[in-house]
Amino acid sequence: DETETYLYKLKKRENTYIRVLVGPYIRPLKTLRGSRAYMIYEFQGKEKQAYFTDPQTFLNTIRSQTGIAILKPQDFNEYLENYKMANNVEYEDVIDSYGWEDDEKTFRHPAITEGYYKLLPNYDKMLLSNNDNNKEKHFEFVKKVLNSDGYLNILFLASFSAPILRFGGNSFTINVSGKPQTGKTLASTLACNLFYDNREPLSLRATLNANESIIAKFSDLPILLDERELTATEEETIKLIYMIFSNQTKRRLDINLNMNFKKFKSVAFNTGEHTLEDMLTKFLKKSRNYKAGALRRGLNINIPENQPWIEIWGISKEEMIQARNLYGYVGVEWIKWLLANKDKVLDAKYKASSINNNYPSGMEQIYEALYTTIYLLEEFFGMKINTKPLERYTMKEVKPLIEDQIVNRERIWIQKLINWLKQNERAHFIHLEESPFTKKEEPTKPSHDFWGSLVW
């Protein structure tokens, strides 16, 4: 119409035409395709957007935004398609996660494929590299860490392994635990800074669904979820660890009964003051499920108390604080090198799998990814990587912990059984000194009263 508010369709009636109201008059400006596809359109001089969740929701969104009912949905959709064709409306692909494309020929990262697609505006600024003058400093610092003899060496190896998990291997977590002011958040931040600006890390203070979503968005990259104590329960942390190892989010049905879930490969760092073993013990008091497998679905770095900083991390506190402003360069160059040398990834994986017998039981995929990363990094940097921190951590902390898991589980269940027996006054047992083939005594009924007989 004249006010560009209503959309009409002319229909012929005998020798004349009449106007039939279709809906609001909108002008499509851009259509973005993908799992979160939507259309940007103009209505009365203002830009709006409507998501293509499903056809009915799309139309309902336009109705609520314009305040005008869509009376002829089929004619309205036909108008939109004709308008797009006649005016060459631009199409763009929307990507709701970073990481490898399915063909593994492209890695979605603003510093690598800028302008190729529209990404996540809230996070793009994190993934852009900083001042070029810091590039050389970043490389020097990373090389020093990989030659050092502390836990930071292990954290960097885990971070570098994130992009190669796509070629085989499960996602895993790095649980860093320790008292306040021991450097756990700073060290984890530096590990994620290899690929992007992580100086303001996300925290675990979110719902399980939200944490699932953010981890899936940072697919094939490391991510830090700080402050483990901010989660509502120990169970949520344990569920998150299992979810990460499964490489996919929880399956959910949409309104059309379609199964929705996201796949990813990631290395997720989390920090906290209480160790994962302590959290499992607390969880056991509330649940019958021991969930000891959570200890084998990642690396658990427990920072010792009253130990000098340099002995814990292998790098001085001052150097680590200064390096906090170095981010993005080494990880981006690492991804570019992997894009150009994918054949070497498979060779390194084969080499790493040949020493599989030396890996801790139940953690073979994690250690295979770490040693694959070591072989590739040695070629990438042209130097030998110090593997002593990982070897020492494995022998002194990982293997003894795994060996004790079965013993601890049996001890805990025996204690639970004893506690149950103490509470159950009507439980009677006969201890047989003779051979089990001798005639067994009949147990005495606990009571002859009415309720006691029913219980018996």
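Me: Which way does H7 cross H8, right-handed or left-handed?
Reply: H7 passes H8 in a right-handed crossing; right-handed means the near helix is turned clockwise from the far one by less than a right angle, left-handed anticlockwise. This is a predicted model, where local features need pLDDT of at least 70 and side-chain atom pairs 80 or more, while totals for chains, interfaces and linings use all residues. Residues are numbered from 1 along each chain as its sequence is written, and side-chain values use heavy atoms, leaving out hydrogens and water.

Me: What's the angle between H7 and H8?
Reply: About 30°, with the axes 11 Å apart, for H7 (residues 208-217) and H8 (residues 234-246). That makes H7 roughly parallel to H8, a label for angles under 35 degrees. Axes are lines fitted to C-alpha atoms over the stretch in contact, and angles run from 0 to 180 degrees between N-to-C directions. Helices here are DSSP runs (H or I) of at least four residues and strands (E) of at least two, numbered from the N terminus.

Me: And which residues in H7 meet H8?
Reply: Leu208, Asn211, Glu212 and Ile215 do, against Glu236, Lys239, Leu240, Met243 and Ile244 in H8. Contact means heavy atoms within 4.5 Å.

Me: Switching topic: how many aromatic pairs are there?
Reply: A search of the whole structure finds 23. One of them is Trp100 with Phe167, edge-to-face at 5.4 Å centre to centre and 80° between the planes. Rings of Phe, Tyr and Trp (its six-membered ring) pair if their centres lie within 6.5 Å, with planes under 30 degrees apart stacked, over 60 edge-to-face and the rest tilted.

Me: Where do Trp100 and Phe167 sit in the chain?
Reply: Trp100 is in strand S7 and Phe167 in the loop between helix H5 and strand S9, 67 residues apart.

Me: OK, what about Asn386, where is that?
Reply: Asn386 is in the loop between helix H14 (364-381) and helix H15 (388-423). At 15% relative accessibility, Asn386 counts as buried.

Me: What does Asn386 contact, leaving aside its neighbours within four places in sequence?
Reply: Leu146, Asn147, Ser148, Asp149 and Asn153. The C-alpha atoms of Asn386 and Val145 are 9.1 Å apart, though 241 residues separate them along the chain.

Terms used: Angles under 35 degrees count as roughly parallel, over 145 as roughly antiparallel, 65 to 115 as roughly perpendicular and the rest as oblique. Buried means under 20% relative accessible area, exposed over 50%, partly exposed in between (1.4 Å probe, protein chains only).
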